[in-house]
Amino acid sequence: MTTKLLAQAVGLATIFACTTVAPAWAQSITIAIGSEPSTLDPQLRDDGGERQVNDNIYETLMARTPTGELVPGLAAAVPTQVDATTWQFKLREGVKFHNGEPFNADAVVASVTRVIDPANNSEQMAYYGTIKGAEKVDDLTVNLVTNGPDPILPSRLYWMKMIAPGYSKDGDLAGAPVGTGPYKFESWNRGTDLTLVANSDYWRGEPEIDGVTYRFVTEPGTRLSGLLSGEFDVITNLLPEFTESVPKFAAVRSLETSVFVLGTDNEVTKDPKVRQALNLAIDRQSMVESLFMGYASVAKGSHINPAAVGFNEKLEPYPYDIEKAKALIKEAGAEGKPLVVVGESGRWLKDREQIEAVAGYWAETGLQVTTDIQEFSQYLESLMGDGPRPDSIFIANSNELLDADREMSFIYHKDGAAASNSDAEMAAMIEAARTETDAAKRKSIYDQIQQKGHELSYTVPLFNLQDIYGLSERMEWQPRVDAKMIVSEMKVAE
Amino acid sequence: MLQFILRRLFQGVLVVFGVSATVFVVTRLAGDPVSLMLPLSATEAQRIAFAQQIGLDQPIAAQFMRFLGDIVTLDFGNSLWQRRPAIDVVFERLPNTMLLIAAGLGSAVILSIPLGAIAALRPGGLVDRLTMSIGLLGLAMPQFWIGLIAILIFAVQLKWLPTSGMGTVAHIVLPALTLSLTPLARFTMMVRAAMIDELNKQYVKTARAKGLGLPRILRVHTLRNILVPFLSISGWELISTLSGYTVVVETVFAWPGLGLTAVQAIQRGDLFLMQAIVFVIAILIVIIGIVLDILSKAVDPRIELN
């Protein structure tokens, strides 16, 4: 009997000993993210999990404030233009990589050269396609050369992480990264967790939080449980309906805007009256409240991100006017005609719910609406393939560079992968803006494009979505509009 | 015996080949991995370059020949998602899954025999009714739900155990428990039914009439007789666990095993990793089948290995 009791006691003690999280340092936090980094090489993949970690290890020439304003990062100042295709960057002095290598012009040249090298076939080339190369001027001055005039170049360099030239040759970039950032890589247990420690030599000063452990938890319910049980301090992608059950949360406008792209050459949707009716038939505000519990805002008449350069702030959201929508459908002679709504499920926040609610509104106008929720790869084929354009297709479009060119080229330009129009005039305007280096002129072209797209209802913009983070009681953090989780901006209450 | 093993191995090779060929075809029918892998904003030129790099621009027959060569050398190419050899990812995650199965299925086997036996000795008694109710629940509730409820009770409310992840002994308790519930229910019911059946047979009555005690009858005769059906049902459960239950349980508990990795590979269109995972699981299932047949023969020599 005693041995049995003893065995039980030992068993229980083991369990308790194992569950107590031993604090290795005074202030370390645990962040649960949805997907593990595929690699820690900062230049190969376009991978959210990789960025969430590497954004704290590496830095870029340009940076953004939490509200999205572009400011110098590792550059000493905003770049100056030498000529239409050459930008000159002055670099910060005295910055060192975690392995002691100095950050200088050679590091910039090595970083640019590596990421654009066709042999590396980097997925990030979607962001750097215009960059031709980098040339060292002196130790702390670099010229970046583009293939043609590229006004977005500074924004592009907000994306490009700077690697240590020596380490990139003989080090393990994929498994043990070395950057200039506020946190240093410590360990990575594949599949389970990854730990960073504060860089005491950081050029802006040592960060407040001494260490951060990332845990990879795919299932949102499990992330939530971990926050409730006190294992996690920050969790990503909290669902709006759980904001009331967590100790603390923080919401911020995200990079994503949900929108339907309409086929302007399709049987029914080629009539601008029908397209306008589709825009007027949706009660967006009530969807914000019922679907998102208020954590989303109605898109202001365009699918361009409001934080992006080139956003037309003069447009108003489409009003909700079902009677007018019905009248327009009648006028267009489209009553009872078929409209197919294509979408996917489970990729973006409340995607299926948005698609089905909108299809419901559209059915009220008198159109014969069918919804086609497709498996994701089939959906991608519908969105970007060579086949016929759908009448309407849903997308939650993300704008990482916060420049209007992204959404314009992708959805408005007739050759854009997700575009469903054949407007050559609009395409010409987008191309003109893309190379227009005068900021005011460029902005005015973008304003015109959005005005036109709004009037002709090429798209049905829905919502500017929000990122919601669940936080533990002790965390203090205001999340950023660019969705980066910068640990040096977080605080732990004593 | 040797002849039997050789024949089963040959059959196994055919099975693994068939499964692999099916996966090869299905992964190529199920959408374009290039558009799943690359960001939405990738240009056409990038898509073409990427397809070339991973060999998807080749004719399907050439791809299949390359795939067959890969199988023989156990080289499935680089995982598109992790950019390292797919087989390395599989061998890194496989032990975690094995550990979870050993803990989950092991406890189901160990618990089910006494539970089923006690229930069978007093059909309709308290233990019997309790076991049957729990068993029914175990069979009726989806593991996904059991897992989340277990987390809520034992991790969030009681704070006895961690919610997810791997690392200490405590981390394995909840996932193993969740994994064990369905097999435990099935085993217990099977043991109970087989025991009731056996206990009504003439040899038991004879043995009792001779004055043998019940424990001895159970140990020497009855349990041995139900071991063969028990082996085959546990083999079946092992295969179901390996190829199905672990997918759900590992996802809920963020357990870094092969099941979770399979889900992630599918989501990311990582066809090379999918091929490697399915190949390794198919081989394991073939091996399990052979081992079970040999074990059955060892337990009951009357069984013909044909």
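This is a predicted model: local features need pLDDT of at least 70, side-chain atom pairs count only at pLDDT 80 or more; totals for chains, interfaces and linings use all residues.
Colleague: Let's start with chain B. What makes up its pattern along the sequence, helices or strands?

Modeller: Helices: chain B has 12 helices and 0 strands. Read along the sequence, the pattern is α-α-α-α-α-α-α-α-α-α-α-α. The C-alpha trace of chain B spans about 85 × 55 × 30 Å along its principal axes.

Colleague: Why are helix 1 and helix 12 of chain B called roughly antiparallel?

Modeller: The axes of helix 1 (residues 2-29) and helix 12 (residues 271-299) of chain B cross at roughly 155 degrees. Angles over 145 count as roughly antiparallel, so helix 1 of chain B and helix 12 of chain B get that label. Their axes come within 9 Å, and the crossing is right-handed.

Colleague: Which residues make the contact between helix 1 and helix 12 of chain B?

Modeller: From helix 1 of chain B, they include B:Ile5, B:Gly12, B:Val16, B:Val19 and B:Phe24. From helix 12 of chain B, B:Met274, B:Phe279, B:Ala282 and B:Ile290 are among them. By class, this contact between helix 1 and helix 12 of chain B has 14 nonpolar, 4 polar and 1 charged residues.

Colleague: And what makes helix 8 of chain B roughly antiparallel to helix 10 of chain B?

Modeller: Helix 8 and helix 10 of chain B pack at an angle of about 155 degrees, and their axes are 10 Å apart. The cut-off for roughly antiparallel is over 145, so helix 8 of chain B is roughly antiparallel to helix 10 of chain B. Helix 8 of chain B passes helix 10 of chain B in a right-handed crossing. The contact of helix 8 with helix 10 of chain B comprises 15 nonpolar, 6 polar and 3 charged residues.

Colleague: How do you know that chain B touches chain A, and how many residues are in contact?

Modeller: Two residues are in contact if their C-beta atoms lie within 7 Å. On that criterion, 42 residues of chain B are in contact with 37 residues of chain A. Several helices of chain B supply at least two residues each to the side that touches chain A, including helix 2 (33-37), helix 5 (86-121) and helix 10 (214-252). Helix 7 of chain B gives the largest share of that side, 5 residues. The residues of the side of chain B that touches chain A divide into 23 nonpolar, 14 polar and 5 charged.

Colleague: What makes strand 12 of chain A a partner of both strand 16 and strand 17 of chain A?

Modeller: The bridge counts, again set against at least two. Strand 12 (residues 248-262) of chain A has 11 bridges to strand 17 (residues 459-471) of chain A, and A:Val259 is partnered there by A:Pro461. With strand 16 (residues 392-398) of chain A, strand 12 of chain A has 7 bridges, and A:Thr257 stands opposite A:Asn397. Strand 12 of chain A runs antiparallel to strand 17 of chain A and also to strand 16 of chain A.

Colleague: One on domains: how many residues does the contact take from domain 2 and from domain 3 of chain A?

Modeller: It takes 10 residues from domain 2 of chain A and 10 residues from domain 3 of chain A. The domain assignment puts domain 2 of chain A at 62-169 and domain 3 of chain A at 254-466. Their centres, taken over C-alpha atoms, are separated by 34 Å.

Definitions and conventions:
Residues are numbered from 1 along each chain as its sequence is written. Chains are lettered from A and ligands numbered from 1 in the order in which they are written. Helices (H or I, at least four residues) and strands (E, at least two) are DSSP runs, numbered from the N terminus. Ala, Val, Leu, Ile, Met, Phe, Trp, Tyr, Cys and Pro count as nonpolar, Asp, Glu, Lys and Arg as charged, and the others, Gly among them, as polar. Axes are lines fitted to C-alpha atoms, for helices over the stretch in contact, and angles run from 0 to 180 degrees between N-to-C directions. Angles under 35 degrees count as roughly parallel, over 145 as roughly antiparallel, 65 to 115 as roughly perpendicular and the rest as oblique. A crossing is left-handed if the near helix is turned anticlockwise from the far one by less than a right angle, and right-handed if clockwise. Domain bounds come from an automatic or database domain assignment.
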